[in-house]
Amino acid sequence: MQKTFRDPDFDVAVQQRGVGPAPGKVTPTQRLPAPSVQRSSPAGATGPRSQLPSLADFTNDPWMDAAHRGVVPSAPVDDAPTAANPAPGAVQFAKKKPSTTVANKGKIGKTDLRGIVGKYQAGTTLMCTLNGVTIGKFSATGGKHAEARLIHWLNNNWDKLVEDGTVKQKDNRFVVRLTRSPCGAKDADCGGKLRAFIKSKTDEGYGFREPRIAIASMYRKNLDSSRNSLRKLKSSGTKLETWDIEQEMADDAPHLNVDSINGLSAEELEELNTKRDDMQMELDELDEEKSDDEKSDDDEND
Ligand SMILES: [Zn+2]
């Protein structure tokens with residue numbers, strides 16, 4: 001009757017991390033292999049990525065890790081734990097109940113990825129998490145950019161997120177994964193909208209630990225404006241990273257559709273990774289721009 005989201009691999013990870021004793025008799029030698037992602041990676045399609053930050057670099061904390069491993073977000077929303085019926089594993093580990101306030105259950109799929117490989121036609125898609133809770137996927141539709149739709153939803157649901165404990169008073173970890181970098185003032189200024197959103201919540205008294213935006217490809221329309229958008233986000237204190245989708249899928253991220261890489265052709269996958277490398281170069285160049293107060297933030301990690 002009691003529904004649990006326990007997963008042996010997860011328990012071992014908890015045990016090894018020393019967060020708390022893992023229940024049961026699970027020992028590292030009994031560790032089950034993590035669910036593997038069977039991808040037929042065509043030769044030469046995978047670019048170098050040793051320098052790229054992996055998801056673990058910015059979700060290296062127990063709660064996010066729990067979410068990352070599917071302990072919470074993989075539950076269908078209808079079955080999601082509630083205050084009345086908490087998931088024992090998740091609550092014990094995270095010391096708070098997972099949010100039931102989510103925008104949607106959508107996952108990043110091959111259609112979203114095909115928006116950035118091949119032709120630049122489909123709109124941007126994003127995936128947002130707040131304190132490790134998957135808020136949901138937002139895509140550009142009806143002329144409204146994905147970022148604007150996310151912010152609209154967050155503003156309308158903020159009180160609920162506060163109520164159910166997803167949003168805290170301070171140290172909120174706001175992570176947005178974007179298939180394409182936020183546009184600048186020459187377009188809809190999604191970068192400015194993201195900054196304004198963070199500032200408005202800060203003004204209302206909510207603290208952010210370090211908002212993070214992980215980006216899979218550079219928005220090349222009005223390139224200078226797009227670059228400026230990133231520059232301003234960075235100097236406002238937002239951490240910008242390259243979103244290595246292939247790597248994240250190999251890590252079995254529960255909030256993404258792991259089949260979507262399988263759905264891409266070898267050519268598309270190669271292009272996806274070329275865009276990823278290009279994004280990394282853009283961010284590297286931004287890092288190299290000499291700015292005294294930005295430099296000290298570079299080696300920050302949590
Ligand atoms: Zn935009």
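Which residues in helix 7 meet which residues in helix 8? Gly191, Leu194 and Arg195 in helix 7 meet Ser229, Leu230, Lys232 and Leu233 in helix 8, where a contact is two residues whose C-beta atoms, placed from the backbone, lie within 7 Å. A heads-up: this is a predicted model, where local features need pLDDT of at least 70 and side-chain atom pairs count only at pLDDT 80 or more, while totals for chains, interfaces and linings use all residues. Residues are numbered from 1 along each chain as its sequence is written.

**Overall picture**

- The protein has 12 helices and five strands; helices (H or I, at least four residues) and strands (E, at least two) are DSSP runs, numbered from the N terminus.
- Of the 302 residues, 40% are buried, where buried is 20 or more other C-beta atoms within 10 Å of a residue's own, exposed is 12 or fewer, and partly exposed is in between, with C-beta atoms placed from the backbone.
- Take the contacts between residues at least 6 apart in sequence: 74% of them join residues at least 24 apart.

**The core**

- In soluble globular proteins, nonpolar side chains tend to be buried together.
- Here the largest nonpolar core has 48 residues, a core being a set of buried Ala, Val, Leu, Ile, Met, Phe, Trp, Tyr and Cys residues joined through C-beta atoms within 7 Å.
- The residues with the most contacts inside this core are Leu126, Cys128, Leu130, Leu178, Ile213, Ile215 and Ala216.
- Setting aside neighbours within four places in sequence, Leu178 is in contact with Thr124, Leu126, Ile213, Ile215, Ala216 and Trp243.

**Helix 7 and its partners**

- Helix 7 and helix 8 (residues 223-235) pack at about 15° with their axes 8 Å apart; axes are lines fitted to C-alpha atoms, for helices over the stretch in contact, and angles run from 0 to 180 degrees between N-to-C directions.
- Helix 7 and helix 8 are therefore roughly parallel to each other (angles under 35 degrees count as roughly parallel, over 145 as roughly antiparallel, 65 to 115 as roughly perpendicular and the rest as oblique).
- The crossing of helix 7 and helix 8 is left-handed, meaning the near helix is turned anticlockwise from the far one by less than a right angle (clockwise would be right-handed).
- By class, the contact of helix 7 with helix 8 has three nonpolar, two polar and two charged residues; Ala, Val, Leu, Ile, Met, Phe, Trp, Tyr, Cys and Pro count as nonpolar, Asp, Glu, Lys and Arg as charged, and the others, Gly among them, as polar.
- On to helix 6 (residues 146-163): its axis and that of helix 7 (residues 190-203) come within 9 Å and cross at roughly 20°.
- That contact is made by Glu147, Ala148, Ile151 and Leu154 of helix 6 and Cys190, Lys193, Leu194 and Phe197 of helix 7.
- By class, the contact of helix 6 with helix 7 has six nonpolar, no polar and two charged residues.

**Loops worth a look**

- Leu256 sits in the loop between helix 9 (245-250) and helix 10 (259-262), and is buried, with 22 other C-beta atoms within 10 Å.
- Leu256 and Ile108 are 148 residues apart in sequence but 5.1 Å apart in space, C-alpha to C-alpha.
- Asn131, in the loop between strand 1 (125-130) and strand 2 (133-139), has a positive phi near 50° without being a glycine.
- Asn131 is buried, with 24 other C-beta atoms within 10 Å.
- Asn222 also isn't a glycine, yet has a positive phi of about 45°; Asn222 is partly exposed, with 15 other C-beta atoms within 10 Å.
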